[in-house]
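Please look over the sequence and the structure shown below before reading on. The notes after them go through the topics one by one.

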Amino acid sequence: MRRLIAIMFLVAALAMLLTACNDDEPEPTATATTAPVSVEGGGLPADALEVANARGLTPQDIRAALKTYVPSGKMDEYYLFTSGGQSGSVIVIGVPSMRILKNIAVFTPESWQGYGYGEVGSEAVLDGGNVDGTKIRMGDTHHPALSETNGDYDGQWLFINDKASARVAVVDLRDFETKQIVKDPNLISNHGSAFVPPNTEYVIQSSQYGTPLGWEYAPISEYKEKYRGLITMYKFDREKGRIDLENSFSIEIPPYWQDLCDAGKLVSDGWAFCNSFNTELATGGVESGNPPFEAGVSQRDMDYMHIFNWKKAAEVAEQAGKTEVMNGMRVIRIPTAVEEGILFLAPEPKSPHGVDVTPDGKYLTVAGKLDPHVTIYSFDKIMKAIEGGNWTKDEFGIPVLDFDEVMLTQVELGLGPLHTQYDGQGNAYTSLFLDSAIAKWSLGGEDPAGYKLLEKLPVQYNVGHIAAAEGDTVSPDGQYLVALNKWSVDRFLSVGPLKPQNEQLLDIGSDTMSVIYDMPMGIGEPHYAQMIKADKIKAWEVYPETGWDPIAQAPSEFATLAGEERIERDGNNVTIFMTSIRSHLTPEHVTLNQGDNVTWHITNIETAPDATHGFDLGGQNLSLSIEPGETATFQFVAEHDGTYAYYCTEFCSALHLEMMGYMFVEP
Ligand code: RUQ
Ligand code: CUA
């Protein structure tokens, strides 16, 4: 109801500003009140127009403000999960207010969330992504994927890839924390990830820059013979909420540089699609007089879309003799994939970037990048072409379907098409990087003439991905679209040469598109984002039991209740069982001997929402966030003698500063 009133207020305010006359609408009269404005009753805050005039706001500005303003105490309609790019994180934003709600640490340690410290717990999660024993403490997150049930976001899990080292992470949306990081044992570079099929049986990852599998050394002169790509199907165990590496497998693909992927849905469920560029197999080496990569990989007019039947691949992977185990992972090699009818290629123009399946699963939009068109493929035509068998083969023996047999139509949109989203009302939206614009165009079903450019809206500037409300589901909501712009240039107060990105919120629920909010993203470069209806997420307010292990999402065996606090010593091994509650840490004195191996458990025995305590210990690379009910654990060796202070890092109460203790390490 309040919403309705707010909308009516918007209408009234606009009407006044435009001095447009609508006879049905009662003239709003000025009243100074904090109660909701009733247009029927007549009423508009006395100073609203004065404020608008004083700030030089246009009617369009006012409309945008009213569309995005979420009053204190009211909630946003959607969560936007945006990748944090080089920050290695995922950033959670409320839509339409575009307020940042949380920056979820994923591939990098983060001290507010106490993520990635203390050897056990969340540092062990980070260690899951170590590469050949090297602790990787950076990440380049690209594409978040929400878990789906029957093609709809279900609000339970979020997956995100690290492009740099071919890793995938699992975030639990009950507490918005990272639970698992897995490393592909055969890939060192990926991009087409994370994508999920409509029931999240797998998390899909594909390679980007070809390397020998397992990133063994091989000279670049052996590129065609030894370098390869991979599509990895990480099995997701929903019960456990973890990727099950034992039941995961990969499909070998050529060392074309694969780009983005998408999974089929409804009619096309069971199939998935990945673009590629560098079907030239260029190997660079500009310093030795070779063509530079940027030219070498862009010579051909057509590259290849990879079309693969993952359901069939999953069956084949179970059969004896059909896979090779490489570094512990089952791999279906190219000849087997071809023989089993798992892998096909279709020509696509020209170094494309995104491939996006329509909500009904019947069509795929491939965005040209170096071609001003999007190309629409029909899944039905692809199936017929596969059955028809009228194909040629690429250099690796993979069937190449006939372009004219699988392509439905092309729509010229403008320069640099990258990514496409859908609104569920029969429209598609494509980002145009070089044009710095969003193109809206119509889907025509089977009728090629029905695919038409409808409208273009400039965005500021250099737009990469776009994300529409519920945009990757079988039933997108329309209404909002976020443009993830790479450059902000002149949009915000200057913060020096490194400028924030610009996440722009677009209203796509009205007749014409408009930008209604500019949000500076000063944390990292968001590549992709997904937007989910807020009521689908059932986040916990506090952990379900006092003494909860958030990594296992189960009661902790080290749970410590009030009165159970103690220090146990067994030779050199000391175990501390501590509690935290406003406003004390118990025990307050911890006495150790130099060289002790220390295991320290802290249980936050609070049950009130938001009663989080933190924990820092001087001289240790450690920071904990212990949320209500949580038991956190860390370990260290007391190497240096001395007197140290530990304290709660959250200003939790009036006596927060008193919430401390001393650790004595006797020489
Ligand atoms: S990608 S725009 Cu991973 Cu499109 Cu960045
Ligand atoms: Cu607990 Cu401050």
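A disulfide is a pair of cysteine sulfur atoms within 2.5 Å, and in general it is a covalent bond between the sulfur atoms of two cysteines. This is a predicted model, in which local features need pLDDT of at least 70 and side-chain atom pairs count only at pLDDT 80 or more, while totals for chains, interfaces and linings use all residues. Residues are numbered from 1 along each chain as its sequence is written, chains are lettered from A and ligands numbered from 1 in the order in which they are written, and side-chain values use heavy atoms, with hydrogens and water left out.

**The disulfide**
- The structure holds 1 disulfide, formed by cysteine 261 and cysteine 274 with their sulfur atoms 2.1 Å apart.
- This pair links distant parts of the chain, since cysteine 261 lies in strand 15 and cysteine 274 in strand 16 (residues 271-277), 13 residues apart; strands are DSSP runs (E, at least two residues) numbered from the N terminus.
- The torsion about the S-S bond of cysteine 261 and cysteine 274 is about 105°, so the disulfide is right-handed.
- Both cysteine 261 and cysteine 274 are buried, where buried means under 20% relative accessible area, calculated with a 1.4 Å probe on protein chains only.

**The largest cavity**
- The structure holds 2 cavities of 30 Å³ or more, a cavity being a set of points, on a 1 Å grid over the protein atoms alone, where a 1.4 Å probe fits but cannot get out.
- About 200 Å³ of space lies in the largest cavity, a volume being the space filled by probe spheres set on the points, which are joined across faces, edges and corners.
- Of the 22 residues that line the largest cavity, the closest to its centre are Phe195, Cys261, Asp262, Asp472 and Gln530; lining residues have an atom within 4 Å of a point.
- Strand 15 gives the most to this lining, with 4 residues.

**The second largest cavity**
- The second largest cavity holds about 30 Å³ of space, and its lining consists of Ser488, Val489, Phe492, Leu493, Ser494, Lys499 and Pro500.

**Glycine 471**
- Glycine 471 sits in the loop between strand 31 (463-469) and strand 32 (478-485), and it is buried, with a relative accessible area of 2%.
- Leaving aside residues up to four places away in sequence, glycine 471 touches Tyr153, Gln421, Tyr422 and Pro476, contact meaning heavy atoms within 4.5 Å.

How values were computed:
On a 1 Å grid over the protein atoms alone, a cavity is a set of points where a 1.4 Å probe fits but cannot get out, and a pocket is an open set with protein on both sides within 12 Å along at least five of seven lines; lining residues have an atom within 4 Å of a point. Buried means under 20% relative accessible area, exposed over 50%, partly exposed in between (1.4 Å probe, protein chains only).
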